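Please read them with the structure open.

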Amino acid sequence: MNQTTQSGNGSNVVVTGVSSGIGQETARCLAQKGYRVFGSVRKRADGKPLEDELGDKFHTLVFDVCDKDSLERSSDIVSEIVKDDGINAIVNNAGLALFGPIELLDDDAFEHIIKVNLLGTRFVTNAFLPLLRIGNREDQRSKIINISSLSGIFNTPMNGAYCISKHAMESLGEIYRRELFGEHIDVVSIRSGPIQSEIWRKNIDSTNAYEGTVYEKMAKKTHKIMEHAKKSALPPSVIAELALDIIEGRKKKLSYHIGEGARISQILSSSLMPKRWADKLIHNALNKKNQNTQ
Ligand SMILES: NC(=O)c1ccc[n+]([C@@H]2O[C@H](COP(=O)([O-])OP(=O)(O)OC[C@H]3O[C@@H](n4cnc5c(N)ncnc54)[C@H](OP(=O)(O)O)[C@@H]3O)[C@@H](O)[C@H]2O)c1
């Protein structure tokens, strides 16, 4: 394991969805700083690479974020290990995307993304909150970090289910923060644009499913935009290091907007931007002929 400054010695963190992408890099970054990381996967074998790499700084938890029984068992396992130290942060990272027009999306797929990105975030937070309370100290306040998205503040066509799930995750985070205010447990949202991860491979071809429908042109354009986004995506270490800075109190804001599209998403979702202007700009971007997105 890479030896760096061990700022996290004695601190415990839960990170969900560490089989790949942002979750995996966050687990790695925190463990390398000396945190004991409890990282969740759905298949036990997916925890093996991080166990091999990080040694006793990494513990695999196996759960689906929608499975409350597994979550309860996992929280008992963590409690047994950390005892009176509790945990210092939960990084709610596990999630998925789903592309397609809201009218034609498969109902089960729509329900599933809401379950995972919204209900799953709540189930995980509730399962580990008692341990977070134990770990909350005046010199290092406990944090809940939600890996949201720019789609949590800005609605884009062909991305509706994901936008809805991340907007709801934003509300959930704000409500937790206000309800936990008196306990000094902070909830911070990371709203990111494109990051290199498996999420692109899992979703990029789904836009092909709308050939022959009224959404064909929009779907093709979305595919091109996604290809471009994938190429310009930032490495997941950007999010991992930000999470570390939030946990260690160097970054104190309630939300962070990261990567390509951050500025324009903030402008277009601002209350100062007339909604009809935003509608028109988005429509033009998705429907102009021969527009080069590269
Ligand atoms: N990549 C981006 O451009 C980007 C931008 C903004 C926000 N985000 C957010 O970042 C988070 C991580 O995504 P990523 O980009 O790193 O994608 P990823 O590489 O696909 O990782 C997603 C992780 O979530 C896990 N997961 C999915 N469904 C789950 C469930 N029901 N229960 C437990 N774990 C589950 C996956 O586990 P399996 O391997 O078992 O499926 C995987 O470990 C997501 O919340 C995503 O919305 C990503």
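This is a predicted model: local features need pLDDT of at least 70, side-chain atom pairs count only at pLDDT 80 or more; totals for chains, interfaces and linings use all residues.

The points below go through the sheet, the helices, the ligand shell and a few single residues.

1. Seven strands make up an open sheet, and their order is S3-S2-S1-S4-S5-S6-S7. The pairing is parallel. The edge positions belong to strand S3 (58-62) and strand S7 (255-258). Each of these two has a single partner strand, so one of its sides has no neighbour in the sheet. On average, neighbouring strands are turned by 15° against each other, direction ignored.

2. Strand S2 and its partners. S2 covers residues 36-41 and is joined to S3 by five bridges, the two strands running parallel. On its other pairing, S2 meets S1 over four bridges, again in the parallel sense.

3. Burial of S2. Which way do the residues of S2 point? Arg36, Phe38 and Ser40 point one way, while Val37, Gly39 and Val41 point the other way. Both sets are buried. Because six of the six residues of S2 are buried, the strand is largely enclosed by the rest of the structure. Note that Arg36 is among the buried residues.

4. Helices on the sheet. Helix H1 lies across strand S1 (12-15), S2, S3, strand S4 (89-92) and S5. The direction of H1 is at about 165° to S2. Helix H3 (residues 68-82) also packs on the sheet, where it touches S1, S2 and S3. Between the directions of H3 and S3 the angle is about 155°.

5. Helix H5. H5 runs over residues 160-179. Its 20 residues, at 1.5 Å a residue, should span 28 Å, and the end C-alpha atoms are 28 Å apart, so expectation and model agree. The buried residues of H5 are Ala161, Tyr162, Cys163, Ile164, Ser165, Lys166, Met169, Leu172, Gly173 and Tyr176. Their cover includes helix H4 (107-135), strand S5 (143-147) and strand S6 (186-192).

6. Helix H10. What is the length of H10, and how many of its residues are buried? H10 (residues 275-287) has 13 residues and reaches 18 Å from its first C-alpha to its last, close to the 18 Å expected at 1.5 Å a residue. The number of buried residues among the 13 is zero, so H10 lies largely in the open.

7. The ligand shell. The ligand is surrounded by 30 residues, of which the closest are Gly17, Gly21, Gly95, Ser197 and Glu198. Helix H1 (21-32), H4 and helix H6 (198-203) are the elements that give two or more residues to this shell. By class, the shell holds 13 nonpolar, 12 polar and five charged residues.

8. Phe123. This residue is in helix H4. With 21 other C-beta atoms within 10 Å, Phe123 is buried. Leaving aside neighbours within four places in sequence, its contacts are Val65, Cys66, Lys68 and Leu71. Phe123 and Val65 are 58 residues apart in sequence, yet 6.8 Å apart in space, C-alpha to C-alpha.

9. Gln140. The loop between H4 and S5 holds Gln140. It has 16 other C-beta atoms within 10 Å and is therefore partly exposed. From Gln140 to Ala45 the separation is 95 residues in sequence and 33 Å in space, C-alpha to C-alpha.

10. Positive phi values. Lys83 has a positive phi of about 50° although it is not a glycine. Lys83 sits in the loop between H3 and S4, and is exposed, with 8 other C-beta atoms within 10 Å. Met158, in the loop between S5 and H5, also has a positive phi in a residue other than glycine, near 70°. Is Met158 buried or exposed? Met158 counts as buried, because 24 C-beta neighbours lie inside 10 Å.

How values were computed
Residues are numbered from 1 along each chain as its sequence is written. The expected span of a helix is 1.5 Å times one less than its number of residues. A residue is buried if 20 or more other C-beta atoms lie within 10 Å of its own, exposed if 12 or fewer, and partly exposed in between; C-beta atoms are placed from the backbone. Two residues are in contact if their C-beta atoms, placed from the backbone, lie within 7 Å. A residue is near a molecule or strand if its C-beta atom, placed from the backbone, lies within 6 Å of it. Ala, Val, Leu, Ile, Met, Phe, Trp, Tyr, Cys and Pro count as nonpolar, Asp, Glu, Lys and Arg as charged, and the others, Gly among them, as polar. Two strands pair if DSSP finds at least two bridges between them. Axes are lines fitted to C-alpha atoms, for helices over the stretch in contact, and angles run from 0 to 180 degrees between N-to-C directions.
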